[in-house]
Amino acid sequence: MKRLLFWVTLLLSLSPVMALAEPGLAALKVEPGKDGSETYTVTIQVLLFMTALSLLPAALMMMTSFTRIIIVLAILRQALGTQSSPSNQVLVGLALFLSLFIMMPVFDKVYDSALEPYLDEQMPAQDALQHAAVPLRQFMLAQTRDDDLTLFANISNAGQFAGPDDVPFSLLMPAFVTSELKTAFQIGFLILIPFLVIDLVIATLLMSMGMMMLSPMIISLPFKIMLFVLIDGWSLIMGTLASSFSV
């Protein structure tokens with residue numbers, strides 16, 4: 001009986017709130033514009049914006065330079081043999097800010113051509129999205145191999161495209177990610193070679209001295225760190241990664 005009284009009291013207390021919330025359903029309407037276009041109400045725009053924020057990490061990894069950079073930095077740490085130094089947080093921070101540096105020209109074009117006119121109410125949201133996609137598409141196409149585009153075009157039976165602007169994002173994104181993975185592992189392979197040579201030399205010396213119980217990694221680690229510091233490795237890695245992108 002007490003439970004029934006509780007639910008009845010709760011429903012009665014919520015009834016004014018539900019009555020006030022009824023006009024909120026108007027947010028689901030699509031308002032026609034003077035030029036025949038359609039615009040969403042502010043509440044729907046906020047909802048779409050919050051949904052887009054939830055997809056921001058995936059967009060960061062799949063549509064920017066972040067993937068290539070973080071993979072190369074992870075391979076570098078593995079080549080040095082320093083286990084968890086630099087930590088994952090440091091590597092992600094380096095990759096994030098280096099990606100921001102590389103993508104800044106693209107972001108400037110997006111701001112000038114789409115975001116600023118939209119904030120000044122000179123362009124509807126749909127047109128702003130179309131204008132914002134142009135610089136990003138150009139960046140992704142510049143990093144994508146033609147073989148990868150052809151591969152996914154054949155898988156999807158898309159056929160031939162008249163020009164770069166005709167390639168849909170649904171096809172460009174997997175081709176771009178595939179190309180980024182290939183490039184990242186190619187750069188990582190070149191980074192691994194000198195450190196692998198040091199490991200082989202140290203292992204051969206230990207075997208010739210009969211010190212088979214001593215791990216070569218313990219002896220080679222200081223030499224690899226010393227080599228990396230002497231050649232100013234961090235500047236070389238950052239400069240190579242930044243210059244490997246065509247913006």
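D148 is buried, with a relative accessible area of 2%; buried means under 20% relative accessible area, exposed over 50%, and partly exposed in between (1.4 Å probe, protein chains only). D148 forms a salt bridge with K182, the closest N and O atoms being 2.8 Å apart; a salt bridge is a side-chain nitrogen of Lys or Arg within 4 Å of a carboxyl oxygen of Asp or Glu. The model is predicted: local features need pLDDT of at least 70, side-chain atom pairs count only at pLDDT 80 or more, and totals for chains, interfaces and linings use all residues. Residues are numbered from 1 along each chain as its sequence is written, and side-chain values use heavy atoms, with hydrogens and water left out.

**Salt bridges**

- A search of the whole structure finds three salt bridges.
- K182 is partly exposed, at a relative accessible area of 38%.
- E180 forms a salt bridge with R68, with 2.6 Å between the closest N and O atoms.
- This pair links distant parts of the chain, as E180 is in helix α8 (residues 169–208) and R68 in helix α4 (residues 66–80), 112 residues apart.
- Both E180 and R68 are buried.
- K224 and D199 meet through their side chains in a salt bridge of 3.3 Å, N to O.
- Here K224 belongs to helix α9 (residues 216–230) and D199 to helix α8, 25 residues apart.
- K224 is buried at 1% relative accessible area, and D199 is buried at 18%.

**Negative surface patch**

- D108, D112, E116, D120 and E121 form a negative surface patch.
- Patches are made of residues with over 30% relative accessible area and no salt bridge; like charges are joined within 9 Å, and nonpolar side chains (Val, Leu, Ile, Met, Phe, Trp, Tyr) within 5 Å.
- D108 is placed in helix α5 (residues 88–119) and counts as partly exposed, at 38% relative accessibility.

**Overall fold and surface**

- The protein has 10 helices and two strands; helices (H or I, at least four residues) and strands (E, at least two) are DSSP runs, numbered from the N terminus.
- Of the 247 residues of the protein, 28% count as buried.
- The accessible surface comes to about 16,400 Å², and 71% of this belongs to carbon and sulfur atoms; accessible areas come from the Shrake-Rupley method with a 1.4 Å probe, and for residues only the protein chains shown count as cover.

Terms used: Lys and Arg count as positive and Asp and Glu as negative; His and the chain ends are not counted. The place of a charge is taken as NZ of Lys, CZ of Arg, CG of Asp or CD of Glu.
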